[in-house]
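Visitor: Hi, could you walk me through this structure? I'd like to start with how the strands pair up.

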Amino acid sequence: MAVAKRIWLAVAIFIVAALVLSEGSQAQSDEKAQQILSLTNQDRADHGLTPLKWDTSLATAATAHTERMANEKSLSHQYPGEPDVSARAAQAGAHFQAIAENTAMGPNVPSIEKQWMNSVPHRTNILDPQMNVIGIAVVEKGGYLFATEDFANAAQSLNKDQVEDKVGALLHDQNIDPSGPRDQAEQVCSTDHGMPQGANAKAIVRFQTSDLSRLPSQVAEQLRSGQFTKAAVGACSPGASEGNFTSYRVAVLLY
């Protein structure tokens, strides 16, 4: 009975020690990830760029991939049976308009950042002005650090009314009254062709985009004709063709 208690105590001590070591290792990895974040943002600051904000979803995606790299003992952006970076990020809950990834292995954090800055493709990702968020993971194995940086241009997730308001504001800036019937535009949005019965629009433009900061070229081209003064804007669920990137499907009826 006493032996059993001692064995149980020994097992308990081993489990606690393992948990402490695991937590310590995770803390060190998190610290190294923050060091990379600091160096990356310093490189951006040196080139007059805004700092990248930490994104938990991207960090989650980066962690899973970095653990795979450490187990494989090699560098890759995609292993057999693994989704690509955009799918990994989307599965982790990220919303984005653009995404990129850096991977590396090295003896320490400064050497990894130096590798990236001395490589044109990796340096381009670090200094990409359109990127605004980042997730980083570091795993130590066999005396080396394996690291992943996932960059993204984060996209705000907007509901239908917000999308319609944004496009309407862009039209208003072009002296087009966007107060046309949204229900008719929404019907048009949900179909690939045709016009609702009773609609008297002169033209229809359907488009899908991830960038609501400007009107797409097909709308701008119609407006340049000068024959329209009013519009109706309708949004609907985007098609599957955009894959894992956040996008919005919109129809504009022009009068």
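Guide: Happy to. Strand β5 (residues 203-209) and β7 run antiparallel and are joined by seven bridges. One thing to keep in mind is that this is a predicted model.

Visitor: Which residue in β7 is the bridge partner of Arg 206?

Guide: Arg 206 has Ala 251 as its bridge partner in β7. Gln 208, in turn, stands opposite Arg 249 of β7.

Visitor: And how many bridges join β6 to β7?

Guide: Six bridges join them, with strand β6 (residues 231-236) running antiparallel to β7. Val 233, for instance, has Val 252 in β7 as its bridge partner.

Visitor: What order do the strands of that sheet come in?

Guide: The order is β5-β7-β6, an open sheet of three strands with antiparallel pairing. β5 and β6 stand at the edges with a single partner strand each, so one side of each has no neighbour in the sheet. On average, neighbouring strands here are turned by 20° against each other, ignoring direction.

Visitor: Back to β7. How many of its residues are buried?

Guide: Seven of the seven, covering residues 248-254, so strand β7 is largely enclosed by the rest of the structure.

Visitor: Which of them point one way, and which the other?

Guide: Tyr 248, Val 250, Val 252 and Leu 254 point one way from β7, while Arg 249, Ala 251 and Leu 253 point the other way. In a regular strand, side chains alternate between the two faces of the sheet. Here, the residues pointing either way from β7 are all buried.

Visitor: Which strands does α7 lie across?

Guide: α7 lies across β5, β6 and β7, and runs at about 50° to β6. α6 lies across β6 and β7, running at about 150° to β6.

Visitor: New topic: charges. How many salt bridges are there?

Guide: The count comes to nine. Side chains of opposite charge can pair when their charged atoms come close. One of the pairs is Glu 186 with Lys 160, at 3.0 Å from N to O. Glu 186 lies in helix α7 (residues 182-189) and Lys 160 in helix α6 (residues 160-173), so this pair ties together parts 26 residues apart in sequence.

Visitor: What does Arg 68 form a salt bridge with?

Guide: Its partner is Glu 72, and the closest N and O atoms are 3.0 Å apart. Both sit in helix α2 (residues 56-72), and because they are four residues apart, about one helical turn separates them. Arg 68 is partly exposed at 25% relative accessibility, and Glu 72 is partly exposed at 39%.

Visitor: Which residue pairs with Asp 211 in a salt bridge?

Guide: Arg 214, with the closest N and O atoms 3.5 Å apart. Arg 214 is exposed, at 59% relative accessible area, whereas Asp 211 is partly exposed at 24%.

Visitor: Which residues are linked in a network of salt bridges?

Guide: Glu 82, Arg 88 and Glu 101 are linked that way.

Visitor: Last one, for the whole chain: how many helices and strands are there?

Guide: The protein chain has eight helices and seven strands. Of its 255 residues, 42% are buried. The chain exposes about 13,900 Å², with carbon and sulfur atoms supplying 53% of that.

Notes
Residues are numbered from 1 along each chain as its sequence is written. This is a predicted model: local features need pLDDT of at least 70, side-chain atom pairs count only at pLDDT 80 or more; totals for chains, interfaces and linings use all residues. Side-chain values use heavy atoms; hydrogens and water are left out. Helices (H or I, at least four residues) and strands (E, at least two) are DSSP runs, numbered from the N terminus. Buried means under 20% relative accessible area, exposed over 50%, partly exposed in between (1.4 Å probe, protein chains only). Accessible areas come from the Shrake-Rupley method with a 1.4 Å probe; for residues, only the protein chains shown count as cover. Two strands pair if DSSP finds at least two bridges between them. A salt bridge is a side-chain nitrogen of Lys or Arg within 4 Å of a carboxyl oxygen of Asp or Glu. Axes are lines fitted to C-alpha atoms, for helices over the stretch in contact, and angles run from 0 to 180 degrees between N-to-C directions. Contact means heavy atoms within 4.5 Å.
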